[in-house]
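Trainee: I would like to learn how to read helix packing and nonpolar cores in a model. Please take me through a case.

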Amino acid sequence: MRTTVAIPGAGPAGVAAAVHVSDRNIEPLILEQGSQVAIAVREWGHVPMFSNRRFNFDAIAARRLERAGWQRPDPNTHPTGADLINGYRDPLGGSLAALLRLGQRVAAVSRDGIGKVRDAGRGAAPFVIDTVGPNGPETFRADAVIDATGTWDQRNPGGAGRPVPGEEGHPMVSHGMPDIRGDDRARLKGRRVGVLGGGHSAIGNLIALAALPGTRPIRLCRAQSAARALGGGAADQLSARGALGVEIEGTGPVCAGATEGQCAEMDALIFSTGFRPDLSILGELCLSLDPALECSPALAPLIDPNLHSCGTVRPHGAAELSHPEPGFHTAGMKSCGRAPTFLLATGHEQVRSTMAASGCCCGQALDRVVACCIADEAAKDCGRAGCDCAASQPEQKAAACC
Ligand SMILES: Cc1cc2nc3c(=O)[nH]c(=O)nc-3n(C[C@H](O)[C@H](O)[C@H](O)COP(=O)(O)OP(=O)(O)OC[C@H]3O[C@@H](n4cnc5c(N)ncnc54)[C@H](O)[C@@H]3O)c2cc1C
């Protein structure tokens, strides 16, 4: 019987995971709530990315596209979110079209016939994935799950953990990175706009607002001191992001220790206060979570925003991402919980490592960047395509190695 891996979420991480899964001749079942792949990135398509294309492509996915005639764009250029979709994610999504189930919102993941408190036989029971889609509720089964549903739909409110009064549904309050140079220009131009947040989205917003004629951007900080640098400046490992940190100086006044009353004095507010994961769909699975960051406990110290920016997060994978639930993995933005330190490059390493650790046949390769297992590495070393991990007969697998 063929193994199926369900992948809720067809954002950058989910699509990369699907490529890695299908590359091993395992069937990915990609369940995406939107009508297209990477629907969240489309919403911030106007934003220039701070990581260049070299960091935005997954190696295995890029190789798959090149086999189909794709021309790799200059790796040293910085795309916008829209460029990333047009030049890379859409062709990749197209190559997976037959495996994509669009418009399917995953409502719950559980184990077939095994409640959360039962241990016996847990790992052997298939996962059951309940969705709501164009044909109403549907149920899918899979042997493993890689949750790549991101955090885009769960924006943090403007208050510390709670909305500020009047925030919800207010026409002059936006979250994340509105299209200040485009669709939102008329709404914000000439206004006094408060921007709350300590990350790169806030910086990008302040810079864009400062360029709008007559607009007064005000940097709101909850802390009493705004001394904590935004962006790594000249020392930042991603130069475009460091440049943002430098450019912000001189964009406008800073209001430290901002209160709800000061928020109310603004004509418009932008809350660039990050995201949180939706854990409700995973309520029937055995997860282990860091109490603050809501990511796996082993990952927390590596991505803690009190200690790290995304440039200082070291590559991590299956070991740090694991949960007590056998066969369940997270990848992408959601794996980092509430930490804002996720990069696409991190996500690519996550899916590569998760698949390598799942062990397609005979153990982990030594050169884990190019090979999925020892046999794959040996086969590639002697000029063959790879281990052919789909081969069901041991002799076929052995023939793949020299
Ligand atoms: C404005 C902005 C700029 C960024 N710039 C960079 C950058 O320059 N470089 C960089 O490396 N990273 C950047 N990031 C961070 C990160 O790389 C992106 O957020 C990236 O989109 C995360 O990919 P993902 O696949 O984990 O999640 P997402 O892109 O959020 O994709 C998740 C997918 O899951 C789907 N989904 C959600 N819930 C369900 C459900 N219940 N059922 C089915 N489907 C569901 C969504 O519709 C979506 O398609 C940026 C992020 C933002 C917000």
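This is a predicted model: local features need pLDDT of at least 70, side-chain atom pairs count only at pLDDT 80 or more; totals for chains, interfaces and linings use all residues.

Mentor: Residues are numbered from 1 along each chain as its sequence is written.

Trainee: At what angle do helix 1 and helix 5 pack?

Mentor: Helices are DSSP runs of H or I, at least four residues, numbered from the N terminus. Axes are lines fitted to C-alpha atoms over the stretch in contact, and angles run from 0 to 180 degrees between N-to-C directions. Helix 1 (residues 12-23) and helix 5 (residues 81-95) pack at about 45 degrees, with axes 10 Å apart.

Trainee: Which residues make the contact?

Mentor: Two residues are in contact if their C-beta atoms, placed from the backbone, lie within 7 Å. Helix 1 supplies Pro12, Val15 and Val19, and helix 5 supplies Arg89, Leu92 and Gly93.

Trainee: Which residues touch the most other members of the largest nonpolar core?

Mentor: A residue is buried if 20 or more other C-beta atoms lie within 10 Å of its own. A nonpolar core is a set of buried Ala, Val, Leu, Ile, Met, Phe, Trp, Tyr and Cys residues joined through C-beta atoms within 7 Å. Of the 55 residues in the largest one, Ala6, Ile7 and Ala17 touch the most other members. Helix 1 gives the largest share of this core, seven residues. A second, separate core has 22 residues, among them Leu196 and Cys221.

Trainee: Why is helix 7 described as largely enclosed?

Mentor: Helix 7 (residues 200-210) is largely enclosed by the rest of the structure because nine of its eleven residues are buried. Those buried include His200, Asn205 and Leu209.

Definitions and conventions
Helices (H or I, at least four residues) and strands (E, at least two) are DSSP runs, numbered from the N terminus. A residue is buried if 20 or more other C-beta atoms lie within 10 Å of its own, exposed if 12 or fewer, and partly exposed in between; C-beta atoms are placed from the backbone.
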